[in-house]
Amino acid sequence: MDSRASKALIEETFKIMQHDEVSKVAKSDPLIITLGNNWMLRNVGNKLMRCYYTSSVMRLAAKFKLELQKIDGGDKDLAQLLSPKSFDNTVLAALKCCNQDDEEDLKSPTNAIKLGYDIKRMASAKLATALKEGDETVRKDAEGFLKLMDMEWN
């Protein structure tokens, strides 16, 4: 997948997004842009609603990234943050996106389910890029993260 925003993503989705910090992050992170391009293609037959679906997915991914950066204490992009050593932080950030009141009460539990699928898509995009570029370090990192997702996300 391409980490540059497609023409449709720019003209349809970016145009309707709120102008705030979350959309700024969504429009600038390569993995979130890749996710947006993917969602536009997945909804190619639904021209009326695809921009709204895509905007929603990208904004949730951007909120997740912002939470993960707070926990991690850095200003890294998602490709750096989605690594095996940051997996526990990934889980915490996803829970924060669910508006967790306490350990057993999530106000928006579907956000964790949605994020699980989209985090896998972004980690797979990271893996695809590493394979195309022949970067063994990033490939191993992405494969390890995806393996942890399969083993522990539930």
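The dialogue below goes from the whole chain to one residue.

A: Let us begin with the origin of the coordinates, since this is a predicted model.

Q: How many helices and strands does the chain have, and in what order do the elements run from the N terminus on?

A: The chain has eight helices and two strands, and from the N terminus on their order is α-α-α-α-α-α-β-β-α-α. The radius of gyration is 15 Å, close to the 15 Å that the globule rule gives for 154 residues, so the chain is as compact as a globular protein of that length. Along its principal axes, the C-alpha trace spans about 45 × 40 × 25 Å.

Q: What share of the contacts with a separation of 6 or more comes from residues 24 or more positions apart?

A: Such pairs account for 64% of those contacts in the chain. As for burial, 42% of the 154 residues are buried, while the accessible surface comes to about 8,800 Å², with 52% of it belonging to carbon and sulfur atoms.

Q: How far apart do the centres of the positive and negative side chains lie?

A: The chain has 24 positive and 24 negative side chains, and the centres of these two sets lie 7 Å apart.

Q: Is Ser55 buried or exposed?

A: Burial is judged by relative accessible area, with under 20% as the cut-off. Ser55 has 8% relative accessibility and therefore counts as buried.

Q: Where is Ser55 placed, and which residues is Ser55 in contact with, leaving aside its neighbours within four places in sequence?

A: Ser55 belongs to helix H4, which covers residues 50–72; with those neighbours left aside, Ser55 is in contact with Thr13, Ile16 and Met17.

Notes:
Residues numbered from 1 in each chain as written. Predicted model: local features only at pLDDT ≥ 70, side-chain atom pairs only at ≥ 80, totals over all residues. Heavy atoms only, no water. Rg over C-alpha atoms; globule rule 2.2 N^0.38 Å. Buried < 20%, exposed > 50% of the residue type's maximum accessible area, 1.4 Å probe, protein only. Contact = heavy atoms within 4.5 Å. Areas by Shrake-Rupley, 256 points an atom, 1.4 Å probe, with all protein chains shown as cover. Lys, Arg positive; Asp, Glu negative; His and termini not counted. Charge placed at Lys NZ, Arg CZ, Asp CG, Glu CD.
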